Amino acid sequence: LHSDQDRGDGSLKYILSGDGAGDLFIINENTGDIQATKRLDREEKPVYILRAQAINRRTGRPVEPESEFIIKIHDINDNEPIFTKEVYTATVPEMSEVGTFVVQVTATDADDPTYGNSAKVVYSILQGQPYFSVESETGIIKTALLNMDRENREQYQVVIQAKDMGGQMGGLSGTTTVNITLTDVNDNPPRFPQSTYQFKTLESSPPGTPIGRIKASDADVGENAEIEYSIMEGEGLDMFDVITDQETQEGIITVKKLLDFEKKKVYTLKVEASNPHIEPRFLYLGPFKDSATVRIMVEDVDEPPIFSKLAYVLQIREDAQINTTIGSVTAQDPDAARNPVKYSVDRHTDMDRIFNIDSGNGSIFTSKLLDRETLLWHNITVIATEINNPKQSSRVPLYIKVLDVNDNAPEFAEFYETFVCEKAKADQLIQTLRAIDKDDPYSGHQFSFSLAPEAAGGSNFTIQDNKDNTAGILTRKNGYNRHEMSTYLLPVVISDNDYPVQSSTGTVTVRVCACDHHGNMQSCHAEALVHPTGLSTGALVAILLCIVTLLVTVVLFAALRRQRKKEPLIISKEDIRDNIVSYNDEGGGEEDTQAFDIGTLRNPEAIEDNKSRRDIVPEALFLPRRTPAARDNTDVRDFITQRLKENDTDPTAPPYDSLATYAYEGTGSVADSLSSLESVTTDGDQDYDYLSDWGPRFKKLADMYGGVDSDKDS
């Protein structure tokens with residue numbers, strides 16, 4: 001800086017203020033030269049605004065107005081490009097086309113992008129060729145090699161460089177690492193490691209039994225390595241099945257149907273393994289499946305006999321005689337040895353031993369008579385056992401139906417007891433009859449009703465057969481007299497139309513009753529109105545008398561119990577508590593030798609040790625409890641308190657508080673004790689003259705006790 005007023009004589013002084021004045025920038029106050037004190041960094045602050053002024057050194061006044069100037073920092077290439085990440089991670093499918101996008105990397109330069117090429121970044125690949133390439137301006141990484149196979153190499157590490165100055169010589173640079181992984185695609189078909197497999201299984205293996213495992217290998221991973229197994233062709237296409245183990249990707253050969261060594265010993269299958277997820281663009285590589293031959297050999301086992309049927313159904317008439325043959329069952333040993341078989345009946349299914357079987361030929365015959373009405377079906381089990389190996393046996397159900405034979409006569413459906421009004425008209429219906437039959441004819445029941453021959457001639461009633469298995473009882477005359485004949489017994493013959501014909505005779509009771517004009521019964525003989533299974537009036541009266549007697553007995557027993565509870569618990573005069581409870585008089589004086597001696601309370605040892613309670617029955621025997629003797633000067637209150645505590649902890653103590661029976665007035669009375677009980681324990685005579693000083697109320701006592709003293713003196 002220089003002022004026009006500066007003559008070079010040192011009279012002016014230059015001063016500087018503003019951004020960085022005195023720190024980054026200093027001024028020579030004599031010459032006005034401005035200098036920087038340290039290296040400047042444009043990236044920290046690109047512009048500084050300073051103010052300068054020339055002042056008179058002597059007076060300090062400015063000689064010119066203050067001037068402002070701006071200092072701009074010119075950029076130099078002192079910052080290298082820096083990537084946003086130190087390490088990048090990316091994936092790309094294997095077998096991708098050349099130029100497939102992988103990832104984009106980005107680097108920044110802190111230099112001034114508007115000044116020169118200091119901030120112009122160019123990308124290049126230092127490591128990773130020829131597999132990948134990078135666009136120099138954008139930093140986009142792409143595949144550069146065709147058909148990169150994950151199965152050959154899965155991981156790649158690429159190093160990318162970013163250089164400023166447009167990549168020219170002298171530019172600064174930075175690098176980053178990009179880890180690229182090839183992801184799997186289904187470009188490999190499954191392959192069996194061998195073309196033939198061989199397994200063995202027993203002919204007794206049940207369906208679902210695994211026989212063996214086969215596995216095809218697939219170089220792919222994940223869902224691209226999933227394999228489905230299937231049986232394409234072969235002799236055992238219907239006898240075996242294959243399922244896929246999702247965890248191990250193995251094919252499990254299982255039994256689908258029961259095997260028979262005697263019928264077929266060897267099966268040959270063709271099993272195919274295929275990928276369920278296929279990418280069409282790789283079909284040109286070939287079919288994504290493979291096949292192998294599976295040979296299964298069936299091994300013989302000793303099998304139980306096999307019946308010719310799964311179940312047998314036989315029929316027999318119920319009138320069949322004992323030892324009648326019903327039918328037969330057949331079983332044979334399926335093994336090549338054809339061992340002989342014997343038959344038997346499982347007695348758990350034929351507890352009554354109604355049937356039997358010939359152990360040699362399997363013929364079923366009866367051993368008892370049958371009754372269809374008792375049991376229609378008989379379900380038994382027949383057992384076939386190999387004679388040479390009894391452990392080998394099998395069972396078959398046998399259902400025997402008992403066919404009906406007309407061996408039961410029809411009978412009334414219920415007990416019939418009806419009535420007829422005295423004023424009944426002729427041919428009046430008084431009862432409808434129905435019948436039942438335990439038999440079950442093929443064409444259905446057909447019953448016929450008629451009066452018994454002995455009653456058909458002179459009967460007062462007739463039977464009308466309705467031809468529908470019912471019949472009606474009709475009156476034969478006008479009017480009936482219950483006083484002449486109160487009850488009619490009508491025998492009715494019921495017959496069926498089956499072969500052989502069965503019939504029975506049932507009796508209908510008809511009572512003559514008085515009826516109103518509507519035909520409603522009003523009165524009959526008493527016995528006719530009571531159901532045969534009911535109770536008579538006399539029986540009901542007897543039951544009521546028994547109940548009343550029982551109630552009176554209970555009431556009397558309760559009254560006696562209550563009266564016993566009112567009796568006093570303690571009757572014995574020897575019990576100490578009894579004297580205290582019943583004490584309600586003033587005493588008989590010193591001459592009353594029957595009075596209670598309170599000295600006993602002070603000397604508990606005077607009480608009998610083993611005295612038992614007479615008012616209650618002891619529940620258990622306890623040893624007598626010894627209590628310490630009270631001192632002579634022990635107060636009665638202390639004694640009672642001590643006994644109360646003992647009784648509270650004594651299991652033999654009565655269930656009431658003994659303390660409530662002591663009417664103790666306490667100590668410290670001015671008049672002392674007036675009880676004659678105390679005088680018994682006193683050795684010397686007492687002076688009762690002070691009673692005369694207590695007034696007229698105590699005059700009687702003064703005369704009594706004073707007189708006694710005078711008598712003793714005399």
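Helices (H or I, at least four residues) and strands (E, at least two) are DSSP runs, numbered from the N terminus. This is a predicted model, in which local features need pLDDT of at least 70 and side-chain atom pairs count only at pLDDT 80 or more, while totals for chains, interfaces and linings use all residues. Residues are numbered from 1 along each chain as its sequence is written, and side-chain values use heavy atoms, with hydrogens and water left out.

**View 1. Leu12 in strand S1.** Leu12 belongs to strand S1, which covers residues 12–18. Leu12 has a relative accessible area of 5% and therefore counts as buried (under 20% relative accessible area, with exposed over 50% and partly exposed in between; 1.4 Å probe, protein chains only).

**View 2. The surroundings of Leu12.** Leaving aside residues up to four places away in sequence, Leu12 is in contact with Ser3, Gln5, Asp6, Glu29, Ile55, Asn56, Arg57 and Val63, where contact means heavy atoms within 4.5 Å. For Glu29, which lies 17 residues from Leu12 along the chain, the separation of the two C-alpha atoms is 8.1 Å.

View 3. An unreviewed UniProt entry annotates residues 539–560 as "transmembrane region"; positions are given in the numbering used here, feature names are shortened, and annotations may be inferred rather than shown by experiment. In the model this span is 100% helix and 0% strand, with its end C-alpha atoms 32 Å apart.

**View 4. The protein chain as context.** The protein chain has eight helices and 39 strands, and 34% of its 714 residues are buried. Of the contacts between residues at least 6 apart in sequence, 65% join residues at least 24 apart.
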